[in-house]
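Good morning, and thank you for joining. I would ask you to keep the structure in view while I speak.

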Amino acid sequence: MATTTFGKRGAAAQQRPILRPAATMAAPAVVLAPLPSASEWTDQDDRFLASLPFLTVGLVVLLMVVFAFEHRFAFDTGKDGAIDVRSLIALGAESRDLVLGKGEWWRLGLAPLLHASGSHLFGNCIALGIIGIRLEPLIGRSWFLFIFVVSALGGDVLSLAYNDPSIPSVGASGAICGLVGALFVTSFNANSDPEQRRAMRKTSLFFGVPALLPLLFSASSEVNYACHAGGALAGGTVSAALWTGWWHDAVSDKHTRYARRAAIAALVASLLCTVFAAKHYSTAAAAAAKYIPASEVPKSAEDGARRSAELLARYPTDPRTHLARAGHFIEQGQYREAESALRTARSLAVADNVNASARRQIDILLAFVVHVQGRSQEAKTLVADICRENQRDPLRSKLAEMKLCD
């Protein structure tokens with residue numbers, strides 16, 4: 001585009017200036033970039049939308065909706081929205097006894113979507129949100145969902161193999177640890193910005209270290225560290241395969257398509273597992289009515305001993321009522337009666353796949369009662385497995401004081 005000048009003054013002062021185009025000087029042309037085409041605008045929009053963690057948000061919402069359904073159908077709830085164990089089992093919690101012993105494979109599809117309390121859900125959703133914001137835009141929604149599903153299954157497998165066969169487990173932590181593992185592996189991709197790689201590694205270690213480190217010390221608690229490890233291994237393995245073998249133009253589209261189909265199919269199958277849970281629900285509800293509800297569980301051993309007669313009359317098939325009754329007899333020095341109550345509690349607890357902690361207490365108390373009556377060798381046999389456990393356990397220390405752990 002040419003510009004014009006306003007001319008120059010003439011040499012004669014009396015002459016008026018005139019306006020004329022400058023014939024001898026041409027202004028430089030201004031080059032304008034062409035406007036983006038429609039396809040380029042579309043590509044930019046697609047890249048922007050791909051950078052938003054819609055799937056992460058969707059998974060968080062899904063977990064919250066599932067937890068709302070848990071509360072709606074729970075038999076009993078406690079503080080912090082904690083859902084009682086029997087409700088969790090009815091709704092899909094997994095354990096080796098339930099999955100392998102009873103052949104209820106459908107639990108593998110439901111347990112990763114369930115949570116035991118509001119704080120359990122909140123912690124997992126926060127972790128999922130932070131990890132997803134970083135990882136989902138990097139690997140795409142298809143691979144993100146695929147790693148989530150595969151990691152959930154990896155957590156299931158190691159949980160069943162490693163944990164006590166009778167203890168039920170729920171939670172999305174295995175799937176989330178898989179995403180943590182994937183983020184850690186991805187942080188070593190040389191194509192990423194160095195500062196971005198450092199941020200990814202820092203985030204993955206922030207979540208990964210507390211989730212996995214206790215395994216090195218044989219930690220035993222309510223936290224399912226085996227599930228964490230299984231998920232992390234599965235997610236890290238898939239991510240490593242992506243960056244080292246599959247992640248190039250020749251194969252990425254094909255593999256991404258397969259990953260998306262497999263992940264969606266697995267998620268749909270997981271939700272369809274609710275049909276199996278619904279079939280078992282009425283039976284589980286009838287069984288749960290025979291046990292002490294959370295609101296009536298004794299607050300201490302003394303409280304249980306004081307209320308033992310009342311609880312035994314109302315819930316005769318709950319091993320905890322016989323345990324409380326044994327506590328009453330021990331307070332009175334009636335050891336033979338206490339032994340009888342404990343043996344009844346033990347037989348009921350063996351048939352109950354929920355009260356694993358109660359079985360442990362029963363065996364320890366029974367060993368004490370038998371020991372007091374002069375049958376030390378029998379007492380040692382009762383607690384032989386417990387004596388092989390963590391020596392820092394207070395109950396195990398009590399057994400050592402009584403010289404029942406050699």
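This is a predicted model: local features need pLDDT of at least 70, side-chain atom pairs count only at pLDDT 80 or more; totals for chains, interfaces and linings use all residues.

Residues are numbered from 1 along each chain as its sequence is written, and side-chain values use heavy atoms, with hydrogens and water left out.

Let me begin with the charged pairs. Side chains of opposite charge can pair when their charged atoms come close. A salt bridge here is a side-chain nitrogen of Lys or Arg within 4 Å of a carboxyl oxygen of Asp or Glu. How many salt bridges does the structure hold? The count is 12.

Arg 306 and Asp 303 form a salt bridge at 2.5 Å, N to O. These two residues are three apart in helix H13 (residues 301-314), which separates them by about one helical turn. For exposure, buried means under 20% relative accessible area, exposed over 50%, and partly exposed in between (1.4 Å probe, protein chains only). Arg 306 is exposed at 65%, whereas Asp 303 is buried at 11%.

Also in helix H13, Arg 314 and Glu 310 lie four residues apart, and their side chains meet in a salt bridge of 3.0 Å, N to O. Both are partly exposed, Arg 314 at 42% and Glu 310 at 39%.

Another salt bridge links Arg 346 with Asp 363, with the closest N and O atoms 2.5 Å apart. Arg 346 belongs to helix H15 (residues 335-350) and Asp 363 to helix H16 (residues 356-372), so this pair ties together parts 17 residues apart in sequence. Asp 363 is buried at 14%, while Arg 346 is partly exposed at 32%.

I turn now to the surface. Lys 254, Arg 257, Arg 260 and Arg 261 gather in a patch of positive charge; in such a patch, residues have over 30% relative accessible area and no salt bridge, and like charges are joined within 9 Å. Lys 254 lies in helix H11 (residues 249-272).

Finally, the buried residues. Asn 224, in the loop between helix H9 (194-212) and helix H10 (225-246), is buried at 13% relative accessibility. Cys 405, in the segment after helix H19 (394-401), is buried at 11%.

Note on methods
Patches are made of residues with over 30% relative accessible area and no salt bridge: like charges are joined within 9 Å, nonpolar side chains (Val, Leu, Ile, Met, Phe, Trp, Tyr) within 5 Å. Accessible areas come from the Shrake-Rupley method with a 1.4 Å probe; for residues, only the protein chains shown count as cover. Lys and Arg count as positive and Asp and Glu as negative; His and the chain ends are not counted. The place of a charge is taken as NZ of Lys, CZ of Arg, CG of Asp or CD of Glu.
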